[in-house]
Amino acid sequence: MHFAQYYLDCLSQASYLIGDETTGRAVLVDPRRDIDEYVRDAEAAGLRIELVVETHIHADFLSGHLELARATGATVCFGEAAETGFPIRRLRDGERILLGGDDGDGVTLTVLATPGHTLESICLVIREHPADEVPFGVLTGDTLFVGDVGRPDLLSAAGHSPEDMAARLHHSLHTKLLALPDATRVFPAHGAGSACGRSLSTETSSTIGDQRRLNYALQPMPEADFVRLVTAGQPATPGYFAHDAALNRDGHPLLEPGPPVALTLDEALAARDRQGAALLDCRPLTAYTRAHLAGSFHTSLDTRFAEYTGSVVAPDTPIVLLADPGAEQEARLRLARIGYDHVLGHLPDPTAVLERCPALIRRSRRIRSEQLVGEQGWLSDLPSGGGGPVVEESAVEGPVVEEMGGSEVSGEVAGGVESADREPGGGEPGRDEPGRDELGGREPGGREPGRDELDGREPCGGEPGGGEPGRGEPVGRGAAGRGAGGSWPGGVQLIDVRNPAEYEAGALPGARNIPLAGLRHRIGELDPDRPVVLYCRSGNRSVIAAALLEAHGFGDVCDVVGGYEAVAADAA
């Protein structure tokens with residue numbers, strides 16, 4: 001048997017190639033959209049990919065079933081309950097897929113219908129020989145993860161209550177998966193950082209026995225308790241999930257490889273003004289906070305770039321990339337993996353462009369965590385409109401920890417703001433290798449800060465000048481001409497952009513929880529004429545959220561350096 005796991009850290013997504021080396025017949029399960037590596041590896045192993053099996057209709061990434069069907073002639077397969085806009089082979093519960101020879105021996109996959117995460121969800125039990133008492137393993141899709149189970153709430157919009165789906169999930173887990181021998185290996189579709197569950201492990205495989213003992217959702221309990229447990233505290237659903245689910249169900253354009261075209265600054269600004277394009281700054285956080293184009297969005301390639309972009313930029317929005325030289329193709333590919341194909345081009349070397357165009361520069365405003373818990377007790381005044389001192393971005397010092405989805409990496413202050421190590425999986429496209437960690441805007445019509453004062457003048461030239469307070473001036477010289485130690489007039493809106501479970505575990509007094517994944521849809525709940533202070537766990541999501549608000553016309557926005565962790569440490 002040939003078995004390979006391809007794990008993509010930047011989406012916490014796993015796909016699998018299973019083949020019979022005697023016959024050369026193979027199956028590819030849950031492929032991502034850029035398929036060249038699968039095809040190359042199959043050819044090198046002497047395998048023919050005959051079937052592409054999807055364990056369910058994915059919402060968190062755009063699957064490569066159509067790309068593989070075109071490239072290999074493979075048949076696309078889904079669970080029997082799937083309804084799609086293209087021809088598929090429906091796999092029935094208990095059906096066996098024989099990859100071996102005519103004698104009936106060889107690698108065999110057995111289909112288990114496991115509704116709960118979605119109605120059409122299936123798992124695949126793998127045996128090297130049909131008569132093996134203990135299977136080699138089971139591909140559990142989004143039904144069972146290492147340390148968690150699939151969330152049951154993604155079909156709420158289609159009329160299926162989370163409680164009903166959770167009850168189905170309980171039945172699938174206990175009558176299908178937990179009926180397998182304890183030694184059966186577990187290979188899920190996702191790992192830590194995925195929004196498809198809340199407590200996924202960093203491990204990419206396990207066993208049925210270990211999950212029976214260690215997985216919180218598989219402990220002995222009545223079904224009603226299970227339903228309450230798995231329907232509570234799920235992370236906010238990124239805004240692109242419904243878009244990707246529809247494309248995976250109905251069909252999508254095939255991936256067209258190639259680098260984005262280079263644009264001049266004038267062309268990039270024209271795309272923003274005339275086509276409603278999002279200027280997406282995907283440079284490291286440090287570079288963005290020091291200087292960025294007014295009205296640009298920010299999601300760094302150092303973090304969960306595609307997922308965060310899908311949270312703050314609406315699907316089908318035209319995008320202009322502002323990436324470090326040589327990173328534009330990686331950015332385009334990672335966006336394509338979630339179906340964000342409308343990339344108009346990229347601005348070569350945006351840092352150099354900004355240096356030549358000071359009139360277009362904005363700097364991120366950030367506040368030190370210790371200033372929230374200082375002797376003046378500023379934090380306790382937040383609900384009644386007390387303001388807080390703001391510091392120059394360049395004045396921030398000290399070590400920080402940057403967040404990457406559900407995990408974190410050590411970073412350090414560089415030039416006044418934190419920078420994170422490059423995310424595994426965020427490197428060059430196609431690095432994935434089997435068996436290792438790398439195995440495998442604004443909405444149209446959105447108002448952008450600084451747009452009015454830029455109209456009618458040359459895009460390069462002049463000095464950051466007047467206009468509304470806080471727009472076009474360095475950190476600490478905004479709204480009321482305040483510097484370090486100043487205060488905001490009017491009521492501050494303190495927003496916690498973490499997920500609900502994080503917020504419920506502890507939050508700053510007076511903070512309102514609007515998770516980053518839902519902020520784009522809830523901007524109308526905030527007052528753009530009042531100051532906004534944002535925080536997350538450690539200072540990454542809050543910068544993304546601040547950029548989103550600024551792109552929608554909020555002129556007085558800052559975030560807390562180091563996030564909740566830093567504030568809690570200073571308050572201790």
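1. In what order do the strands of the open sheet with mixed pairing stand? This is a predicted model. The order is S7-S8-S9-S10-S13-S14, and the sheet has 6 strands. Strand S7 (96-98) and strand S14 (206-207) are at its edges. Each has a single partner strand, so one side of each lacks a neighbour in the sheet.

2. Look next inside this sheet. Strand S9 (residues 122-127) and strand S10 (residues 137-141) run antiparallel. They are joined by 3 bridges. Leu124 faces Leu139 of S10, standing opposite this residue.

3. Helix H3 (residues 162-177) lies across strand S8 (108-113), S9 and S10. Helix H3 runs at about 145° to S8.

4. Now the parallel sheet. This open sheet is formed by 5 strands, in the order S21-S28-S27-S25-S26. The pairing is parallel. Its edge strands are S21 (366-367) and S26 (512-513), and each of them pairs on one side only.

5. One pair here can be followed residue by residue. Strand S25 (residues 493-496) pairs with strand S27 (residues 532-535) in the parallel sense, over 4 bridges. Gln493 stands opposite Val532 in S27.

6. Which residues of helix H16 (residues 563-571) are buried? They are Gly563, Ala566 and Val567. Seen down the axis of H16, these buried residues fall within an arc of 100°, so they line one face of the helix. In an α-helix there are 3.6 residues a turn, so residues three or four places apart point the same way. The buried residues of H16 pack against strand S28 (557-560). Strand S28 belongs to the parallel sheet, in the order S21-S28-S27-S25-S26.

Definitions and conventions:
Residues numbered from 1 in each chain as written. Predicted model: local features only at pLDDT ≥ 70, side-chain atom pairs only at ≥ 80, totals over all residues. Heavy atoms only, no water. Pairing = 2+ DSSP bridges. Helix = DSSP H or I, 4+ residues; strand = E, 2+ residues; numbered from the N terminus. Buried < 20%, exposed > 50% of the residue type's maximum accessible area, 1.4 Å probe, protein only. Arc of directions from axis to C-beta. Contact = heavy atoms within 4.5 Å. Axes fitted to C-alpha atoms, helices over the stretch in contact; angles between N-to-C directions.
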